[in-house]
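Biologist: Before we go through the strands and the backbone, could you put the chain on the screen for us?

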Amino acid sequence: TLIAIIIAVASLHAFRAMQHASVTGSIQPSYGAKTIWAIQGNDTTKIFSDNGAFTCNLKPGTWKLRIDARSPLKDRDVEVLVQDRQNTDIGVITLHY
């Protein structure tokens, strides 16, 4: 029974690892993003940026990135298709006044 549990747990972790990918990009101007959110259905993940650059691990699928901008810049939404076990580089997201 213990061996079956160990195998089940190992399989679950392997399955979950296969289902993750990442998104990278940057915000311009670099100080413009107050908060970045990745949203897919009921899943929401806060993304942290470093001088405008960000990377986040997400499940495959279509996500909306919501950039809450610092005033006087305007908020922006960007749709991203995340591929299984791949890094999706969305490039530069420019925030406008």
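Biologist: At a relative accessibility of 17%, does S26 count as buried or exposed?

Modeller: This is a predicted model, and the value for S26 is a relative accessibility of 17%. The cut-off for a buried residue is under 20%. Because 17% falls under that cut-off, S26 counts as buried.

Biologist: In which strand does S26 lie, and which residues does S26 touch beyond those up to four places away in sequence?

Modeller: S26 belongs to strand β1. With residues up to four places away in sequence set aside, the contacts of S26 are G52, A53, F54, G91, V92 and I93.

Biologist: Which strands stand at the edges of the open sheet of four strands?

Modeller: The order of this open sheet is β3-β2-β6-β7, and the pairing is antiparallel. Each edge strand has a single partner strand, so one side of each is left without a neighbour in the sheet. The strands in that position are β3 (43-47) and β7 (76-82).

Biologist: By what angle are neighbouring strands of this sheet turned against each other on average?

Modeller: The angle is taken with direction ignored, as an average over neighbouring strands of this sheet. On that basis the turn is 25°.

Biologist: How many bridges join β2 to β3, and which residue in β3 stands opposite A38?

Modeller: Strand β2, residues 33-40, runs antiparallel to β3, and the two are joined by five bridges. Opposite A38, the residue in β3 is T45.

Biologist: Where are the prolines P29 and P72 placed, and what is omega at the cis peptide bonds that they form with Q28 and S71?

Modeller: Most peptide bonds are trans. P29 lies in the loop between β1 (21-28) and β2, whereas P72 lies in the loop between β6 (61-69) and β7. For the cis bond joining Q28 and P29, omega is about -5°, and for the cis bond joining S71 and P72, omega is about 10°.

Biologist: What is phi of N51, and does N51 count as buried or exposed?

Modeller: N51 is placed in the loop between β4 (49-50) and β5 (53-58). Although N51 is not a glycine, its phi is positive, at about 55°. Its relative accessibility is 64%, and the cut-off for exposed is over 50%, so N51 counts as exposed.

Biologist: Where does R85 lie, and what is its relative accessibility?

Modeller: R85 is a residue other than glycine with a positive phi, near 55°. R85 sits in the loop between β7 and β8 (87-94). R85 counts as exposed, with a relative accessibility of 58%.

Terms used: Residues numbered from 1 in each chain as written. Predicted model: local features only at pLDDT ≥ 70, side-chain atom pairs only at ≥ 80, totals over all residues. Heavy atoms only, no water. Pairing = 2+ DSSP bridges. Axes fitted to C-alpha atoms, helices over the stretch in contact; angles between N-to-C directions. Buried < 20%, exposed > 50% of the residue type's maximum accessible area, 1.4 Å probe, protein only. Contact = heavy atoms within 4.5 Å.
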